[in-house]
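Here are my notes for your review. Please read them with the coordinates open.

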Amino acid sequence: MTTDTPHTLVHLTDSGLAVTADDDVRGREVVDRNGDEVGTVDDLVIDPEEKKVRFLQVGSGGFLGLGERKQLIPVDAIVRIDEKVHIAQDRGHVAGAPAYDPDLVPAREYYEELYGYYGYPPFWAAGYAYPPYPFYL
């Protein structure tokens, strides 16, 4: 059972909002549950109305930004943050996630598919609990 349609999400860099330097994970390496590199956090996808981070935008592959593949990973997948961002899945699972397409990001269906793929309820579902790490802006 779901509640209202989710707010439109935007990239932090396009929002005019900011996170504190201590909470900003952009530029950090993302590693899977085995410690293998998944990519680097390029941006944060946020809910500007609730001022919460919903997804990490992770870039991998390519050279100097050319040919780089972008993936969205729900913040719910984060298990620990230190000098790196650790997620609960393995990198093969991340690689198989629904493709990131900027033209689809505002679509509810894309978010539902992405949350379902990672095994988490969408943030607008009844009973959803926001992750404990302070992903507030």
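1. A contact here means heavy atoms within 4.5 Å. The model is predicted.

2. Start with the overall layout. The chain has seven strands and two helices. In sequence order the pattern runs β-β-β-β-β-β-β-α-α. Of the 137 residues, 42% are buried. The accessible surface comes to about 7,100 Å², and carbon and sulfur atoms account for 50% of that surface.

3. Check the contact range. Take contacts between residues at least 6 apart in sequence: 54% of them join residues at least 24 apart.

4. Now look at Leu56. Leu56 sits in strand 4, residues 52-60. Is Leu56 buried or exposed? Leu56 has a relative accessible area of 0%, so it counts as buried, the limit being under 20%.

5. Next, its surroundings. Neighbours within four places in sequence aside, Leu56 is in contact with Val25, Val41, Asp43, Leu44, Gln71, Leu72, Ile73, Ile78 and Val85. Asp43 is 13 residues away along the chain, yet the C-alpha atoms of Asp43 and Leu56 are 6.3 Å apart.

6. Then the core. The largest nonpolar core holds 33 residues. Leu44, Phe55, Leu56, Ile73, Val85 and Ile87 have the most contacts inside it. Strands 3, 4, 5, 6 and 7 and helix 2 (108-118) each supply at least two residues of this core. In soluble globular proteins, nonpolar side chains tend to be buried together.

7. Finally, Ile73. With neighbours within four places in sequence left aside, Ile73 is in contact with Val38, Arg54, Phe55, Leu56, Val58, Ile87, Val94 and Tyr118.

Note on methods:
Residues numbered from 1 in each chain as written. Predicted model: local features only at pLDDT ≥ 70, side-chain atom pairs only at ≥ 80, totals over all residues. Heavy atoms only, no water. Helix = DSSP H or I, 4+ residues; strand = E, 2+ residues; numbered from the N terminus. Buried < 20%, exposed > 50% of the residue type's maximum accessible area, 1.4 Å probe, protein only. Core = buried A, V, L, I, M, F, W, Y, C linked by side-chain atoms within 4.5 Å. Areas by Shrake-Rupley, 256 points an atom, 1.4 Å probe, with all protein chains shown as cover.
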